[in-house]
Amino acid sequence: MTDRPTTSYEAAGVDIAAGERAVELMKSRVARSRRPEVVDDVSGFAGLFDASALLRYDRPLLATSTDGVGTKVDLARRLGVYDTIGHDLVGMVIDDLAVCGAEPLFMTDYIACGKVVPERIADIVGGIADACALAGAALVGGETAEHPGLLEADEFDVAGAGTGVVEADRILGPERVRAGDVVIAMASSGIHSNGYSLVRHILATTDLTLESRSADLDRPLGEELLTPTRIYAKDCLALAETGGVRAFAHITGGGLAANLARSLPPGVDAVLDRSSWEVPAVFRLLQAHGDVPQAEMDKTFNLGVGMAAIVAPDRADEALRLLTSRGVPSWVLGEITEGTGEATFR
């Protein structure tokens, strides 16, 4: 027999102790997202939520959504900033629930990485928990998976799923939209979490770098690109409570017009006024350096509009006042006209 090293899980690249330390580091921040309906599961194998809280509904419908952050995680990795990417995940998942008028209840997350670095994982999950607290959702569980050999030691990806509830007769959507309604825009905080493959392509093929500065930006481009996604859930729910909202549209992959069209019935169009807002500088910078056609910008980025609300015409002013009071920049973006179910710019 020949001497050879003892085979172990750690030798294969999986560090169980590091995973356990990551859990300890994140516990206090996860606790901040707790809702009263959360029930402790001592084993930790599942997240428990007291469904008796739904008895206050006449006909509660559960809504669910799942998403990730896409290639924005690559920029977070390159810049070594991990505490904001969780906000992006929650924004992508929970704000999808808000579109139908659902109150977010809870969320779970999944992180895959090449190597568990406890502090990095704790920063990621801590950001998710902080954002869940902002959205009113509990972070009830998650999973961190170490994939040595498939991912490099500094590589990672994040995904999550959320569950919400909405009263059946209060679901918002296309069937409520009428010609004459008003489209209200809610400003994005930046690029949010869509279009980063194009961003990375521009960085790779032009003179722009993560360290680039521009007269129109008050910080390096990399910091601007990592601006966390604005979370609209509570703002949308507050707006829905006024009774004037017909539908929402979360402006994610596909851009403003394509996402807004998803909230239209076949017999109307949304006519959007480009002159109603100034596209933020980061989009203009990327477009100019990347020589990106306007049509490509339109279908890739939110261009400064992260969420749109379609409201009854006599409630538009009230909606704008409410959003302003909640610190959400907003404006009249356009109107609903007779048409064929499309959103167009004028």
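**Entry 1: strands**

Before I start on bridges, a reminder to myself: two strands pair if DSSP finds at least two bridges between them. I am working from a predicted model here.

With that in hand, I went to strand 11, residues 330-338. Which residue of strand 11 is the bridge partner of A270? I found I336 there.

**Entry 2: nonpolar cores**

M186 turned up again when I moved on to the cores. The largest nonpolar core has 95 residues, and I listed M186, L225 and F248 as those with the most contacts inside it. Which element gives this core its largest share? I traced that to helix 4, residues 118-135, with 8 residues.

Another core lies apart from it and has 8 residues, including F49, Y57, A138 and V140.

I also checked what F248 touches, leaving aside its neighbours within four places in sequence. M186 is one of its contacts, and so are A98, V99, L172 and C236. To finish the list, I wrote down L239, A240, S263, M307, A308 and A309.

**Entry 3: T84**

Next I picked out T84, in the loop between helix 2 (72-79) and helix 3 (85-98). Is T84 buried or exposed? I count T84 as buried, because its relative accessible area is 17% and the cut-off for buried is under 20%.

Leaving aside neighbours within four places in sequence, I found T84 in contact with L226 and P228. I also looked up T84 and G126, which are 42 residues apart along the chain, and their C-alpha atoms are separated by 9.0 Å.

I looked up two residues with a positive value.

H192 has a phi near 60°. I placed H192 in the loop between strand 7 and helix 5 (196-205). H192 counts as buried because its relative accessibility is 1%.

L303 also has a positive phi, near 60°. I found L303 in the loop between helix 10 (294-300) and strand 10 (305-311). With a relative accessible area of 4%, L303 is buried too.

**Entry 4: second largest pocket**

How much space lies in the second largest pocket? I have it down as about 400 Å³. Its lining has 18 residues, and I marked G101, V166, R170, A240 and E241 as those nearest the centre. The elements giving two or more residues to this lining are strand 6 (156-167), helix 7 (233-241) and strand 8 (245-250). By class, I noted 8 nonpolar, 3 polar and 7 charged residues.

**Entry 5: the cavity**

How many cavities of 30 Å³ or more does a search of the whole structure find? The search finds 1, and about 30 Å³ of space lies in the largest cavity. I wrote down L239, T242, G244, V245, V311, R315, E318 and A319 as its lining. By class, that lining has 4 nonpolar, 2 polar and 2 charged residues.

Conventions:
Residues are numbered from 1 along each chain as its sequence is written. This is a predicted model: local features need pLDDT of at least 70, side-chain atom pairs count only at pLDDT 80 or more; totals for chains, interfaces and linings use all residues. Side-chain values use heavy atoms; hydrogens and water are left out. A nonpolar core is a set of buried Ala, Val, Leu, Ile, Met, Phe, Trp, Tyr and Cys residues joined through side-chain atoms within 4.5 Å. Buried means under 20% relative accessible area, exposed over 50%, partly exposed in between (1.4 Å probe, protein chains only). Helices (H or I, at least four residues) and strands (E, at least two) are DSSP runs, numbered from the N terminus. Contact means heavy atoms within 4.5 Å. On a 1 Å grid over the protein atoms alone, a cavity is a set of points where a 1.4 Å probe fits but cannot get out, and a pocket is an open set with protein on both sides within 12 Å along at least five of seven lines; lining residues have an atom within 4 Å of a point. Grid points are joined across faces, edges and corners, and a volume is the space filled by probe spheres set on the points. Ala, Val, Leu, Ile, Met, Phe, Trp, Tyr, Cys and Pro count as nonpolar, Asp, Glu, Lys and Arg as charged, and the others, Gly among them, as polar.
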